[in-house]
Structures are given as structure tokens and as C-alpha cells.
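Hi,

Here is the model we talked about, sequence and structure together.

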Amino acid sequence: MSADATASPAGRRPVGANSRPRSVSRPLSVAIVAIVGVLLVQVLLETWVQVLSGPGSEDVRGHVESGAAWLEQLRNVLYLALAVITLVKVAMDRQWARFRTGADLALLVLGLVMVLAGVVNDSSVGLIGQGILVYFRGVLVFYAFRAADLDRVMIRRVLLVAAFVVGLNVLLALMQMLLGQPAYRAVGVADMAWADQGRAQGLQPHPDYLGHLLGLALLGFVAWVAVHPRVRFGWWAVAALVALALSASQSGESLLGVLVAGTLIAVLVKGNRRRVLGVCLIVVLCTVAHIVATTDDHAGWERRLGSAFSGSYHQLGVAGRTSPPATGSAPMPSGAPALEREIRVLDVQQAADILPRQPLLGFGIGQFGGLVAEKSNPDWHRNPKFGPDVLSPAGVPAPQVDSFWLHLVMEAGVIGLIAYVIWLFFVVRPLLPRTARGPRRTTRTPPVAAVWGVAAMVFACIVATLSPAFEGALLPPLFWTILGVAWWAWRRSREEEASVYTAETAMLPVVRDRSDVSDIDTRILATDEILALALRARRRTDGR
């Protein structure tokens, strides 16, 4: 089923039909937007609040075991409330037709593949449920926004709240870059591991988390300059500050994601390519300037590149992390010895030896290197079906796998990986500019939010290659909020195009043959008839 099906207004209730639930529908939409806003603030400030409310430990992880566990419970309650309100909204407004797109069908198939992978590999029902929840909890935001009756005011309020938190993180990151340890202590951080490495983290548990946040924000600016006819100089200065804070995080995956996504937008959206590439140039210049001016930054990049090359040349040896995983693992203790291996290279090498044993459906949901596997069985790497001690060379304990795609293919197999990629393709497909989907399409300027959605998809896929981002606490709600807004903007654009053919019946004689005026049918056309009329008109024009 094509993802374009959502463009049809058929999923909306007819005017005047079943008007009683309409009085409840608006408050439900407001509740959805409010919960999403609270959720975004919660995930952006969770670690900082945990550090302030914890017992004074130097553990600054995103999931502090001895800290304020109620914050994690609050996040789960928000997701649950969002799911319930969304279901009530869809049921009361009878919006089921809105959720019959190719993306929805692909998600259903993906879920069935994951369940099958768990069943055939002896994953318990609870383990399968926890694994699927971690994989897809952020998707609830996407479906909630699709169910809500959004408007510009609602979207603006959510984005303003998120923009305030982003601005706070940018300010703190720049202070940490300039002032060093005092700026870290000012926000309650006790462990100076990242300060010693010269990596800014803002209010986030890990510098890569800060990079993910700022990368998505910067891509929003890229989408805006790609579509908007005029951009004031002040906004360029703000973008430069965000790019400088991004470079201070030393998040290589985020920098790569911004550059690749920005270049793709320059190719897909014609007209303002120079400005889009100008943003990419600003990111590069800020990164280079920071590397040249900061000794710690220069040493950090050298250390990561050196460990990556050494990991490629050696199959076995000393293993370690040049950076902790972005899902909550603690940073290296201050004064730790230099690491000789890049753990992500080691993970790929070992997975290449293990996966051929069960390539199709992997080793089961919740059993390999993810958040669920680590919590349910800290010794998951000693599972006999992975091989004797293959995942713990030199006595180093195996944490979570630092690549979402590697984690996915090991748990759900090649079939699960393909199903996941197909699902993401159907999610992003309707957002692609029409000129990129066929020469017969019009060249109408796409909505800014739709361009942002495409850029966010590319960015997230690149980041997920080098981190377990898609199952983390921060990236999924941010990413799916952007995609939800993008789908709203895309659907609104399609409905505006379709409204061209909904003129009053008094205008029908003008578009018909004058000889048929006596037989004019003045009834109101149904949605399907309007779309069929538009299709016939387009075919007639193309045939000339």
C-alpha cells in the first residue's frame, strides 16, 4: 500500500457528521501536544535532574541506578498516557483510515518479524515485550502527532519549548569549552572525565547526546534556509554558535550526519543550494578552528582515529572504549590509560564471525548487546550460542554494542534489518521533494518541516551506525517529533492542493462544455470524485 494514501482527505470525518465527539477531540489534541512537550523537556533534562537529586555520586550516566529512578518512571508514564490518549482520539474520531499507509503496514510486518525472531530463539514473552518497547517507544510520538488535529500554534509552542532547552545547552557547551572544569561543576557534574578530554556535554550525560541534539537543531536551520526566500544575518550568527557548540562536543557521528544530510538536502531541494552548502561550510570551519585552537580536541580526534585504525589491523588484543556508549554507560574514569582499540571495530569483527551461524532471524530480541539484554542479563556476552568468550577478550566486560544497526541485525537477523530499513523508507518517502520522485511531478516548494524530516532521517541513520541511538532515551522522541511534524506539514500541503478542485458548484459551468449546460449536475462532489477529476485533468494536460 502506498504511503501517499494519507494525502487523501478521506480519513477525515465529513462536515456535520458525528459532531458530538468533536467537542472532546480538540481537548484530546491539546493533551497530546502537551504530553509531547513535557516528554521532550523530561528527556532533555533528565540526567541533570538526576545528578542534582542523586546521592552525590560521580556517576553521570543517563540511567543512574542509585539516583532519582522516579524520572525514568515518569518517562514511561508519559509514553503510556500518550498511547492511551492517541487510541481514544483515533477511536472517537474514527481515523482508522488515516493509518493504512505503507509505513503502517511496514511497521506491522517489522513487528511480526521481531516477534518471530524472539520466539524461534527462545526469548521469553517478557523479554520480547521489553525489547519491542525499547525499539519503538519513540514511535508513539509519531503516531500521536498523526492522530492529533494540529495547527501552527500548537507546533510553534512545542518547538519554542524545545528551542529554549537547545539554547540552554548551547550556552553551557560554549561555557564548558571556554572555562573548563568550573563550568562543568556549575551544573552539578562531579566526574571531570569529559572536561579532561575537552568534550562539552551541556546538560546531557554524554557529549554525543549533545551532538545529536544540536545536529537535529542545525538541520532544522538547514531546512529553513533551503526553502525560505530570505534569511536575516542574525539567524546565521545563531547557527554559527550552534555549530561551534556542536564542534565542542567532538561528536564525530553528529558532524558526519549533519554534513551528509545537508549535502543531500542541497541536491534534493533546488533554488537555495549555496545557502545550504554555506551552513555545511560553517560546520566544517567551526570544527577545524576548534581542533586547531584546542589541544584537547586535537588529541581527542587523534586518539579516536588511531584506535579505529589499530582496531582494523588487529583481530584480537586489548579492547576498550574511546568513548562510552550514548545510551547511558559511564565515561572513562579520570586518568584512565590510553586505549588501544576502537570497540566498534571490534564489535563488527566479532559479529561477522557470529552472525553466519543464524543469519536470517538472528539470536532473539533482548539477547544481544542492547539496553534490554544488559538489564536482564549483565553476562549476556557469555551466552554459549555466541561462542566461548568471543565477546570478552582480554577479560574486558562486554557492555552494550555501540552500533544500533549491528545490535538490530544480531537480534532480528538479516530479515529484521531489511524490514526495518523498508519501514524507514516508507516513513520518509512521502516527504521527499516531488522532483526527486519522477519527472512528471510538479516542482512546488516543499514545506520546511518535510525537508527537516528528510534531513533528520538521514542524520539518525548515520548516527545509529556509530551509536545505539535508536533505542536511547533522547534521540527517539526528538526524531519522531520531527517526523510527526513533517507528516502533518506534508498532509496539510496535499490537502491544500486538493482544495483547488473543491470550488463552489456555481463554477462548474465554466469548466464544462457549454453544450452540456442543460445537464449540469450541481451536487457536491465526494472526495474520491474530486481526486479522480484532478487525475483526469492532469492526464489530459500531459497528453497534449
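**What I found**

The protein chain folds into 20 helices and 0 strands (helices are DSSP runs of H or I with at least four residues, strands are runs of E with at least two, and both are numbered from the N terminus). Before the details, some housekeeping: this is a predicted model, so local features need pLDDT of at least 70 and side-chain atom pairs count only at pLDDT 80 or more, while totals for chains, interfaces and linings use all residues. Residues are numbered from 1 along each chain as its sequence is written, and side-chain values use heavy atoms, with hydrogens and water left out.

Of the 544 residues in the protein chain, 52% are buried (buried is under 20% relative accessible area, exposed is over 50%, partly exposed is in between, with a 1.4 Å probe and protein chains only). Taking contacts between residues at least 6 apart in sequence, 77% join residues at least 24 apart (a contact is heavy atoms within 4.5 Å).

**The largest pocket**

The largest pocket holds about 1,500 Å³ of space. On a 1 Å grid over the protein atoms alone, a pocket is an open set of points where a 1.4 Å probe fits, with protein on both sides within 12 Å along at least five of seven lines; lining residues have an atom within 4 Å of a point. Points are joined across faces, edges and corners, and the volume is the space filled by probe spheres set on them.

The lining has 43 residues, with Leu159, Gly220, Trp224, Val448 and Trp452 nearest the centre of the pocket. By class, the lining residues are 32 nonpolar, 6 polar and 5 charged (Ala, Val, Leu, Ile, Met, Phe, Trp, Tyr, Cys and Pro are nonpolar; Asp, Glu, Lys and Arg are charged; the others, Gly among them, are polar). Helices that each supply at least two lining residues include helix 1 (22-53), helix 9 (207-227) and helix 17 (448-466). Helix 6 gives the most, with 10 residues.

Val158 also sits in helix 6, and is buried at 7% relative accessible area. Leaving aside neighbours within four places in sequence, Val158 touches Val33 and Leu40. Val158 and Val38 are 120 residues apart along the chain, yet their C-alpha atoms are 9.2 Å apart.

**Helix 9 against helix 12**

Helix 9 packs with helix 12 (residues 273-293) at about 155°, with the axes 8 Å apart (axes are lines fitted to C-alpha atoms over the stretch in contact, and angles run from 0 to 180 degrees between N-to-C directions). That makes the two helices roughly antiparallel, a label for angles over 145 degrees. Leu218, Phe221, Val222, Val225 and Ala226 in helix 9 meet Arg275, Val276, Val279 and Val283 in helix 12. This contact has 8 nonpolar, no polar and 1 charged residues.

**Some loop residues**

Most residues other than glycine have a negative phi. Arg94 has a positive one, near 55°; Arg94 is in the loop between helix 2 (69-93) and helix 3 (102-120) and is exposed at 56%. Asp122 has a positive phi too, about 65°; Asp122 lies in the loop between helix 3 and helix 4 (125-136) and is exposed at 71%.

Pro356 is in the loop between helix 14 (343-354) and helix 15 (371-376), and is exposed at 55%. Pro356 is 54 residues from Met410 in sequence and 10.0 Å away in space, C-alpha to C-alpha.

Cheers

Notes
Parallel < 35°, antiparallel > 145°, perpendicular 65-115°, else oblique.
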